[in-house]
Amino acid sequence: MHFFGIGVAVVSLLAGIAWHNPIIAVLGLAMTYLLSWGGHLLFERNQPTALQDPIWSLQCDVRMFRLWLTGRLDEEQSRVKANAALET
């Protein structure tokens, strides 16, 4: 759902710019957060951090989306899991 949410954000931002309508961009960002929160609550069963730090949350979503687009998301997940195992 994060990926779909980021896709909605990008499309709505571009549409808002193209049609000179900031409301489209704002509604797209709201949909992005709703989709991300839905993913956390329904699938991941954890609490989203978007309320505590929305900018950091958006940056992380964009980074995850970029890693997915470039085919490096699995590699990053393996790296994070390996680091977590070393910390315990």
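**Entry 1**

I began with Met 1, which is found in the segment before α1 (2–18); helices are DSSP runs of H or I with at least four residues, strands are runs of E with at least two, and both are numbered from the N terminus. The model is a predicted one, in which local features need pLDDT of at least 70 and side-chain atom pairs count only at pLDDT 80 or more, while totals for chains, interfaces and linings use all residues. Residues are numbered from 1 along each chain as its sequence is written, and side-chain values use heavy atoms, with hydrogens and water left out.

I noted that Met 1 is partly exposed, at a relative accessible area of 40%. On this scale, buried means under 20% relative accessible area, exposed means over 50%, and partly exposed lies in between (1.4 Å probe, protein chains only).

I then found Met 1 in a nonpolar surface patch with Leu 41, Leu 42 and Phe 43; together they have about 450 Å² of accessible area. Patch members have over 30% relative accessible area and no salt bridge; nonpolar side chains (Val, Leu, Ile, Met, Phe, Trp, Tyr) are joined within 5 Å, and like charges within 9 Å. The areas come from the Shrake-Rupley method with a 1.4 Å probe, and for residues only the protein chains shown count as cover.

**Entry 2: salt bridges**

Side chains of opposite charge can pair when their charged atoms come close.

I recorded Glu 76 with Arg 63 at 3.3 Å, N to O. Glu 76 lies in helix α4 and Arg 63 in helix α3, so this pair ties together parts that are 13 residues apart in sequence. I recorded Glu 76 with Arg 79 at 2.6 Å, N to O. Glu 76 and Arg 79 are three residues apart in helix α4, and therefore separated by about one helical turn.

I noted that Arg 63, Glu 76 and Arg 79 are linked in a network of salt bridges. Glu 76 is buried, with a relative accessible area of 14%, whereas Arg 63 is partly exposed at 39% and Arg 79 is partly exposed at 43%.

**Entry 3: the largest pocket**

I looked up the largest pocket, whose volume is about 410 Å³. Of its 17 lining residues, the closest to its centre are His 2, His 40, Cys 60, Asp 61 and Met 64. On a 1 Å grid over the protein atoms alone, a pocket is an open set of points with protein on both sides within 12 Å along at least five of seven lines, a 1.4 Å probe being used for cavities, and lining residues have an atom within 4 Å of a point.

I found that α2 (22–44), α3 (54–69) and α4 (73–87) each supply at least two lining residues, with α3 giving the most, seven.

**Entry 4: positive phi**

I checked His 20, a non-glycine residue with a positive phi of about 50 degrees, in the loop between α1 and α2. His 20 is exposed, at 73% relative accessibility. Arg 45, also not a glycine, has a positive phi near 55 degrees and is found in the loop between α2 and α3. Arg 45 is exposed, with a relative accessible area of 68%.

Technical notes:
Points joined across faces, edges and corners; volume = space filled by probe spheres on them. Salt bridge = Lys/Arg side-chain N within 4 Å of Asp/Glu carboxyl O.
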